[in-house]
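Dear colleague,

Please find below the structure that I am handing over to you. I would be grateful if you would look through it before reading my notes.

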Protein chains: 2
Amino acid sequence: MTQSHALDALIQSLRRLPGVGVKSATRMAFHLLQHDRAGAEQLARALEGAVRSVHHCARCHTFTEAEVCSTCLDPQRDATRLCVVETPADQAALERTGAFRGLYFVLLGRLSPLDGVGPQDIGLQELIARASDGVVQEVILATSFTAEGEATAHVLSEALQRRGVRVTRLARGVPVGSELEYVDLGTIAHALADRR
Amino acid sequence: MTQSHALDALIQSLRRLPGVGVKSATRMAFHLLQHDRAGAEQLARALEGAVRSVHHCARCHTFTEAEVCSTCLDPQRDATRLCVVETPADQAALERTGAFRGLYFVLLGRLSPLDGVGPQDIGLQELIARASDGVVQEVILATSFTAEGEATAHVLSEALQRRGVRVTRLARGVPVGSELEYVDLGTIAHALADRR
């Protein structure tokens, strides 16, 4: 499309990023070459560095540069509670609450049959093996409360309970700080059913 | 935020792309590392290749790997008409019409004082020098019909006309294929004023 094969190759490569179509990729490529060549070089180095050194933690599957991540190696943490999250970002959100001192299992995805993401892609077998190791007493499902997150929680719950593992799910209810009038009805109905 | 410095560095680098915030950058980084490491390596090579080999055409300022781009070197083209466009993508759109056989000057941007883009950033001096070379008889302003594109056309037109260069602008009017009822009023008013 342009006068340069290298520029066309860059636009095609940028399109492999999720959510980036040909117009965004073109805008990104023009921006980098016109205004931020240092940024382009930095991004190239960061990509190579990450591909070379980032792997999955052998225990919790999160992204780490070590064989086992620092959270899994922390002897202060309660190994009897295992919290299942979709992404390292979800894990970071839970960590910031300071309310959980157990360990994690990071799915790095969620079930999405339409996108070809099945149980093997989110590590169901590894989770079952981990949850059945005799140390874990409770698996807390903290996948998102979206349709796909709920479906993932349902499948994991079925598979784990069939093997006698105790499974819990984060509570659904009214968010802290919200006025009842403005909360959606499904949430209020759940909060009512799960009252305590 | 994550367990890996290399992953954090990748997320920070992806944020330098236009329109990418921390959430998009995180999603892109996870996607590349989880599902498309080959894509990450390809993108790194494409970035390095583009930064190394893509430069500005000495005559029209577009991105090219040669000293002067193939369009500027084409002896078949009418050097008396110079069309000013914002981006190589706009140039490509004009080329696809097959209706223009002159040469181009690519601004690689548009005036945007709020973003710190002034006349020197879009090559006003180079455009004036090019338009005053004795060969060019008409400069056709084909910047976008947005507020910034119109302001750019206005500034270029003033500067060029002051030096005695003949300046024209792409016609404003009703798009081909549209029903008048659904065309916005500003466009109809322009089409009426510019009737022929």
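Predicted model: local features only at pLDDT ≥ 70, side-chain atom pairs only at ≥ 80, totals over all residues.

The interface. In the model, 54 residues of chain B are in contact with 53 residues of chain A. Together the two chains bury about 4,900 Å², with 64% of that area on carbon and sulfur atoms. Of the area that chain B buries against chain A, 15% is supplied by B:Q3, B:R16 and B:F63, more than by any other three residues. B:R16 also forms a salt bridge with A:D36, in which the closest N and O atoms are 3.0 Å apart. The count of salt bridges between the two chains is two, and 18 residue pairs across the interface are in polar contact. On the side of chain B that touches chain A, α3(B) provides the largest share, 15 residues. The residues of this side comprise 28 nonpolar, 18 polar and eight charged.

The sheet. Strands of a sheet pair through backbone hydrogen bonds, either parallel or antiparallel. Chain A has an open sheet of four strands in the order β4-β3-β5-β6, with parallel pairing. Its edge strands, β4 and β6 of chain A, each pair on one side only. From one strand to the next, the twist averages 30°. Strands β3 and β4 of chain A pair over five bridges, and A:C83 stands opposite A:Y104 in β4(A). Helix α5 of chain A packs on the sheet, where it touches β3 and β4 of chain A. Helix α6 of chain A also packs on the sheet, touching β3, β4 and β5 of chain A.

Yours sincerely

Terms used
Residues numbered from 1 in each chain as written. Chains lettered and ligands numbered in written order. Heavy atoms only, no water. Contact = heavy atoms within 4.5 Å. Buried area = accessible area lost by both parts, 1.4 Å probe. Salt bridge = Lys/Arg side-chain N within 4 Å of Asp/Glu carboxyl O. Polar contact = N/O pair within 3.5 Å; in protein donor to acceptor, adjacent residues only side chain to side chain. Helix = DSSP H or I, 4+ residues; strand = E, 2+ residues; numbered from the N terminus. Nonpolar A, V, L, I, M, F, W, Y, C, P; charged D, E, K, R; others polar. Pairing = 2+ DSSP bridges. Axes fitted to C-alpha atoms, helices over the stretch in contact; angles between N-to-C directions.
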